[in-house]
Amino acid sequence: TEPTNFYEYMIETAKIARAKGVLNINHSNGYINPEPLQELCKYLDAANIDLKGFSKSFYKNLCEAELEPVLETIKTLKKSGVWVEITNLVIPGHNDDVKMITAMCEWIKNNAGPEVPVHFSRFFPMYKMTAISPTPVSTLEKAREIALKTGLQYPYIGNIPGHPGENTYCPKCKKMLIKRSGYSVLNFEIKNGRCRFCGKKIAGIWA
């Protein structure tokens, strides 16, 4: 569930975990007021934020929310030294427009940094959106291509186990560093936070 729904419980357990040397990770829609977010950042090591689209109308019509607070959350997390990753569920006919994806990638690069991983996830019909078909693989591949051209170093394709876009590649020598299948890691070529082949420092938390 959305962790901000039980904020008090989350921050109390985060304090205990931090005291015991356990990393705290948050997966959120990013909709939280600045003051509680700043307090949470004191105990948060990493966060994956669902940036559901990149237009005010998308957020208003599909999420009954606003885009700007989510963007502010991403910037606050980044400034606070929290490791940030972004997930974008690509829904056919709603947030799969090339211009929207391009604008989103450019914003991420300029406001969060080129090293922030972005996960383009495949949509599957359910609940109130059963009439929409699953996201074409080609759409996700195009989104990842746009991200790379924009300058993002770690774009991924999600919800398609076994796709090459699941893997981590070195931004410098382009060799595969982490091979994945779903949630399983099949091969790992990062040593002391660097590419084992060319020595480039790879962004992330490795210890």
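Predicted model: local features only at pLDDT ≥ 70, side-chain atom pairs only at ≥ 80, totals over all residues.
1. Phenylalanine 58 counts as buried, at 6% relative accessibility.

2. Aromatic pairs. A pair of aromatic rings is described by the distance of the centres and the angle of the planes. In the whole structure, 4 aromatic pairs are found. One of them joins phenylalanine 6 and tyrosine 9 in an edge-to-face arrangement, 6.1 Å centre to centre and with 65° between the planes. Phenylalanine 6 is partly exposed, at 36% relative accessible area, whereas tyrosine 9 is exposed, at 58%. Phenylalanine 58 and tyrosine 59 form another edge-to-face pair, with 6.2 Å from centre to centre and 75° between the planes.

3. Strands of a sheet pair through backbone hydrogen bonds, either parallel or antiparallel. Here 3 strands make up an open sheet in the order 6-7-8, and their pairing is antiparallel. Strand 6 and strand 8 (184-188) stand at the edges with a single partner strand each, so one side of each has no neighbour in the sheet. Between strand 7 (residues 176-181) and strand 8 there are 4 bridges in the antiparallel sense. Isoleucine 178 has phenylalanine 188, in strand 8, as its bridge partner.

4. Rolling a probe the size of a water molecule over the atoms shows where empty space is left. The volume of the largest cavity is about 60 Å³. Among the residues that line the largest cavity are Thr4, Asn26, Ser28, Ile32, Leu37 and Leu77. Two or more lining residues come from each of strand 1 (25-28), helix 2 (34-41), strand 2 (46-50) and helix 4 (68-79). The lining of the largest cavity comprises 7 nonpolar and 4 polar residues, with no charged residues.

5. The second largest pocket. This pocket holds about 210 Å³ of space. It is lined by 14 residues, of which Leu148, Gln153, Tyr169, Pro171 and Lys174 are the closest to its centre. Helix 6 (137-150), strand 5 (155-158) and strand 6 (168-169) each give two or more residues to the lining of this pocket. By class, that lining has 8 nonpolar, 4 polar and 2 charged residues.

Conventions: Residues numbered from 1 in each chain as written. Heavy atoms only, no water. 1 Å grid on protein atoms, 1.4 Å probe; cavity = no way out; pocket = protein on both sides within 12 Å on 5 of 7 lines; lining within 4 Å. Points joined across faces, edges and corners; volume = space filled by probe spheres on them. Nonpolar A, V, L, I, M, F, W, Y, C, P; charged D, E, K, R; others polar. Pairing = 2+ DSSP bridges. Phe/Tyr/Trp six-rings, centres within 6.5 Å; stacked < 30°, edge-to-face > 60°. Buried < 20%, exposed > 50% of the residue type's maximum accessible area, 1.4 Å probe, protein only.
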